[in-house]
Amino acid sequence: MNFFNDLADFSIAEIKELITLARRLEDKPEPRALEGKVLSLLFLSPSLRTLISFQSAMARMGGGTFVISPEMSIHGIESCSGIVMDGVAAEHIREAVPVIASYGDAIGIRAIAEIENLDDDLADRKFRELTSLVENPYINMESAINHPCQSLADWKTMDDLGIPANNGKFVLSWAWHPRPLSFAVPAATVHMAALRGMDVTVLRPEGFELPDVIMDKAHQAAAMSGGSVTQSEDRSSAMRGAQVIYVNSWASTRHYGNRRAEDEIKPELQDWCVDEPWFKNAASDCRFMHCMPIRRGVSVTDHILDGPRSVIIAEARNRMLVQMALLHQMLSKS
Amino acid sequence: MNFFNDLADFSIAEIKELITLARRLEDKPEPRALEGKVLSLLFLSPSLRTLISFQSAMARMGGGTFVISPEMSIHGIESCSGIVMDGVAAEHIREAVPVIASYGDAIGIRAIAEIENLDDDLADRKFRELTSLVENPYINMESAINHPCQSLADWKTMDDLGIPANNGKFVLSWAWHPRPLSFAVPAATVHMAALRGMDVTVLRPEGFELPDVIMDKAHQAAAMSGGSVTQSEDRSSAMRGAQVIYVNSWASTRHYGNRRAEDEIKPELQDWCVDEPWFKNAASDCRFMHCMPIRRGVSVTDHILDGPRSVIIAEARNRMLVQMALLHQMLSKS
Amino acid sequence: MNFFNDLADFSIAEIKELITLARRLEDKPEPRALEGKVLSLLFLSPSLRTLISFQSAMARMGGGTFVISPEMSIHGIESCSGIVMDGVAAEHIREAVPVIASYGDAIGIRAIAEIENLDDDLADRKFRELTSLVENPYINMESAINHPCQSLADWKTMDDLGIPANNGKFVLSWAWHPRPLSFAVPAATVHMAALRGMDVTVLRPEGFELPDVIMDKAHQAAAMSGGSVTQSEDRSSAMRGAQVIYVNSWASTRHYGNRRAEDEIKPELQDWCVDEPWFKNAASDCRFMHCMPIRRGVSVTDHILDGPRSVIIAEARNRMLVQMALLHQMLSKS
């Protein structure tokens with residue numbers, strides 16, 4: 001495997017193989033599988049789970065990691081082209097990224113959306129600029145428009161819980177959040193659930209429709225797998241028979257990059273905080289999923305998070321396990 | 001071993017076994033004993049020795065670590081219950097701690113005293129709240145009221161130096177420090193020395209008596225081991241025949257949580273800076289111990305620190321060695 | 001090997017042996033050569049390449065590292081002697097450094113020049129004060145006046161590229177930079193190129209002559225190896241037949257420690273930005289070298305950096321490889 005950027009680059013069989021490998025590595029650890037191998041971790045945005053799940057994944061197989069993160073005092077990194085660097089930044093990504101990559105056998109890169117220009121973010125321009133500087137295998141640790149490690153972990157989590165793949169009912173719901181967030185998780189999630197063969201409803205208020213390019217990709221995945229994808233703003237009908245509600249927040253598509261306009265339409269959406277009444281016509285064991293970090297009392301109530309519906313800790317732990325599988329395929333000889 | 005929270009949870013025989021194991025691992029390294037094992041390190045308070053001694057301890061046995069520390073840009077972590085998280089913090093300890101723990105085979109946690117409410121700190125409420133969220137084995141890397149790794153290292157240091165256990169004369173002395181500090185080290189130390197069977201005098205100025213709950217626990221340990229514990233403010237009699245002076249600073253018990261009141265009584269205590277005259281009726285080879293960090297010219301003079309009495313570097317190095325023993329017992333199969 | 005502080009401490013044969021070992025370790029990895037070994041990394045100044053190249057080097061041979069860096073919240077570290085530490089700093093280097101060193105099998109230390117007092121920096125007073133506190137083997141990761149790991153990597157880079165050692169033409173050129181920088185890299189570089197037997201010209205504007213002590217050492221190296229060293233401010237003659245231009249910036253010797261005076265003479269030097277016309281009478285395949293970080297449009301044009309002359313990524317990667325050789329010699333039993 002030379003890169004792991006998008007679940008869409010893999011067949012369903014290949015995805016299932018990764019999940020099988022993740023299980024095998026949990027049951028039968030291979031503490032020397034990656035001895036002498038090094039994973040570079042480049043974070044241009046903050047991280048908790050992603051950082052430590054990759055560090056742990058490598059360590060469990062005998063490999064090492066090093067981290068470049070935004071809080072390090074590393075002279076400042078410039079990314080504009082053709083600039084005269086006479087300010088604070090003493091380093092340009094055109095030098096820094098190839099060097100960082102060259103010290104590892106593979107590199108994980110996180111560069112989330114700036115949420116300024118919709119076309120740039122949908123095209124994943126910043127992330128592609130970074131990976132174009134890398135010759136090694138690379139892993140998308142969340143870009144403007146994708147988060148494939150999260151999706152792979154979520155797929156495994158649903159498999160672990162016995163949630164049906166074929167025509168299982170999956171609701172991806174927008175939730176209240178004080179800040180506009182990127183399309184990375186909703187885009188990856190709607191595609192993942194569709195590719196898994198599920199019947200997916202994107203539940204969101206007016207003005208928060210997922211962009212066509214994201215929906216089109218999900219429709220294509222559904223066409224392949226026998227699933228389906230629709231959008232709705234009707235909570236009651238969307239939740240009917242739901243086996244999973246996957247909660248996330250994302251910026252208003254209509255007002256993308258215009259924080260003030262978004263702030264004007266948001267106050268009336270504070271009831272988009274998931275609580276038990278949402279589940280009244282869902283399947284009785286309908287699960288609550290979320291990629292974290294999650295804001296208690298804002299996106300979801302304590303009642304749901306502390307109750308049996310929530311499987312978010314299992315999702316997070318699966319991040320480590322599927323990443324072990326990825327790294328094993330990418331870096332192990334055997 | 002499922003947790004290492006308090007020396008009081010272990011028999012004297014078990015403590016001696018850990019020290020023996022620490023020596024064995026120094027003499028005969030086992031660089032693969034913990035291969036594939038990962039220790040999570042969660043610091044809610046800053047650290048130097050604790051952080052790097054645990055990192056080194058795991059690496060020397062082939063294991064790995066990852067670190068969550070206060071200076072990381074990890075979205076801010078909320079700890080209040082029932083809160084609406086619409087502020088800066090995007091993550092709650094009820095999610096963060098289980099996730100962090102789940103990526104390791106054991107977790108070390110540091111959460112020092114807030115020095116606001118004496119009962120909360122004596123009950124170690126914050127630390128217990130954190131460990132209640134963890135299913136893995138855990139290690140106390142300093143809580144409001146304990147620092148068992150330090151105490152185990154100090155016990156070994158005294159053994160290494162041939163300082164008598166049974167009725168060896170041990171003085172735990174308060175020293176000047178510009179800020180009120182917690183009871184973690186004095187509480188752990190008075191208990192450790194008593195459990196080792198020593199005759200312990202707590203030397204401190206008026207207003208800085210150790211709280212009853214701390215003294216009671218030390219008295220119980222002394223009763224088991226044949227040692228003794230007293231408090232005194234008379235430096236000359238306390239130091240008579242002393243074989244060890246263990247120096248620390250702690251908040252005024254009387255004014256706990258009231259910085260202003262403490263600041264009023266402290267200026268006259270600036271002569272609580274350990275210097276050679278303190279030792280005039282101590283044993284000639286009386287040692288100076290301290291857990292560090294230590295302020296030169298404030299808690300102790302350069303003369304003592306740079307002279308033969310000081311064994312603080314040995315204490316610090318023993319941190320790593322006893323932690324190797326702990327981790328070996330906790331995580332190794334053999 | 002007990003320390004690696006200066007190429008001048010090694011014979012040419014020993015240097016060649018290190019480069020040979022670096023190549024062997026790249027071709028035939030030894031992922032267990034340093035199992036159970038730990039390298040302490042103490043940075044008193046920021047780092048990118050040095051930090052991660054050492055972390056990766058140890059990991060590739062099965063060893064571990066830990067890092068103390070300036071951005072860590074470690075109580076502040078005092079370095080003055082005889083001070084009363086009643087301010088922010090809670091820790092003195094006389095305690096911190098021996099402890100940090102004691103947790104590793106060797107220690108790398110970075111403490112760059114303060115550029116206040118020329119004699120102090122030329123004598124490497126700060127770095128020597130730190131290493132005097134260390135009993136373990138140590139590695140100079142850049143001091144006020146040396147950067148031997150960079151020089152060893154640069155030597156290997158020139159070998160890799162087939163740039164002639166004996167009387168190859170090497171130009172060390174000053175370049176424009178908004179801030180006064182230390183003599184570490186120019187001092188190490190002029191010595192390294194001379195020791196490699198090259199004919200070295202130091203090209204710099206008036207007022208930026210390298211100090212005599214640096215030049216004298218380079219002359220001695222040249223005398224041993226059959227190379228030569230001169231200084232010049234005439235770009236055209238200096239570049240005649242050059243096979244390498246090694247670019248760096250350094251403080252004005254004349255105004256060392258006087259930022260204002262340097263700032264007054266610098267504006268007219270902005271044409272010291274390396275561009276294609278510099279190469280008009282150089283060897284056609286004359287290479288561009290730099291230790292990074294490098295400021296685009298300031299010290300060198302994008303044209304040079306993005307063109308075939310630049311070998312700076314290879315230099316950076318060689319940092320990791322030569323450091324593997326160093327660490328292997330220092331820490332491996334075999």
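## Strand pairing and a sheet in chain A

In this predicted model, strand E8 (residues 169-174) of chain A runs parallel to strand E9 (residues 199-203) of chain A, and the two are paired over five bridges. Within this pairing, Lys169(A) stands opposite Asp199(A), a residue of E9(A). Both strands belong to an open sheet of five strands in chain A, whose order is E10-E9-E8-E11-E12 and whose pairing is parallel.

The edges of this sheet are formed by strand E10 (228-232) and strand E12 (287-289) of chain A, each of which pairs on one side only. If direction is ignored, neighbouring strands of the sheet are turned against each other by 20 degrees on average. Helix H7 (residues 184-195) of chain A packs on the sheet, where it touches E8, E9, E10 and strand E11 (244-248) of chain A. The direction of H7(A) makes about 170 degrees with that of E8(A).

## How the copies are related

Two copies of a chain are related by a rotation about an axis and a shift along it. Here, chain B can be laid on chain C by a turn of 120 degrees and a shift of 0.0 Å along the axis, and the RMSD is then 0.0 Å. These two copies are thus related as by a three-fold rotation axis. For chain B and chain A the superposition likewise gives a turn of 120 degrees, a shift of 0.0 Å along the axis and an RMSD of 0.0 Å.

## The contact between chains B and C

How many residues does each chain bring to the contact of chain B with chain C? Chain B brings 29 residues, and chain C brings 27 residues. On the side of chain B that touches chain C, the elements that give two or more residues are helix H2 (49-60) and helix H12 (312-331) of chain B. Of these, H2(B) gives the most, with seven residues. By residue type, this side of chain B divides into 16 nonpolar, five polar and eight charged residues.

Only 3% of the interface residues of chain B are also interface residues in chain C, so the copies meet through different surfaces.

## The contact between chains B and A

The contact of chain B with chain A involves 27 residues of chain B and 29 residues of chain A. On the side of chain B that touches chain A, at least two residues each are supplied by strand E3 (64-68), strand E5 (91-92) and helix H3 (93-102) of chain B. The largest share comes from H3(B), with six residues. The residues on this side of chain B divide into 14 nonpolar, eight polar and five charged.

Why do these copies, too, meet through different surfaces? Only 4% of the interface residues of chain B are also interface residues in chain A, and the copies therefore meet through different surfaces.

Helix H12(B), one of the elements on the side of chain B that touches chain C, has 20 residues. From its first C-alpha to its last, H12(B) reaches 29 Å, which is close to the 28 Å expected at 1.5 Å a residue.

Is H12(B) largely enclosed or largely exposed? Because 17 of its 20 residues are buried, H12(B) is largely enclosed by the rest of the structure.

## Particular features of the backbone

In chain B, the peptide bond that joins Met292(B) and Pro293(B) is cis, with omega about 0 degrees. Pro293(B) lies in the loop between strand E12 (287-289) and helix H11 (302-305) of chain B. In chain C, the bond from Met292(C) to Pro293(C) is also cis, with omega near 0 degrees, and Pro293(C) is placed in the loop between strand E12 (287-289) and helix H11 (302-305) of chain C.

Positive phi values in residues other than glycine occur at Ile115(A), where phi is near 55 degrees, and at Asp124(B), where phi is near 55 degrees as well. Ile115(A) is found in the loop between strand E6 (106-110) and helix H4 (118-122) of chain A, and because 21 C-beta neighbours lie inside 10 Å, Ile115(A) counts as buried. Asp124(B) lies in the loop between helix H4 (118-122) and helix H5 (125-131) of chain B. With 22 C-beta neighbours inside 10 Å, Asp124(B) counts as buried too, the cut-off for a buried residue being 20 or more.

Conventions
Residues are numbered from 1 along each chain as its sequence is written. Chains are lettered from A and ligands numbered from 1 in the order in which they are written. This is a predicted model: local features need pLDDT of at least 70, side-chain atom pairs count only at pLDDT 80 or more; totals for chains, interfaces and linings use all residues. Copies are superposed by least squares on the C-alpha atoms of residues with pLDDT of at least 70 in both. Two residues are in contact if their C-beta atoms, placed from the backbone, lie within 7 Å. Helices (H or I, at least four residues) and strands (E, at least two) are DSSP runs, numbered from the N terminus. Ala, Val, Leu, Ile, Met, Phe, Trp, Tyr, Cys and Pro count as nonpolar, Asp, Glu, Lys and Arg as charged, and the others, Gly among them, as polar. The expected span of a helix is 1.5 Å times one less than its number of residues. A residue is buried if 20 or more other C-beta atoms lie within 10 Å of its own, exposed if 12 or fewer, and partly exposed in between; C-beta atoms are placed from the backbone. Two strands pair if DSSP finds at least two bridges between them. Axes are lines fitted to C-alpha atoms, for helices over the stretch in contact, and angles run from 0 to 180 degrees between N-to-C directions.
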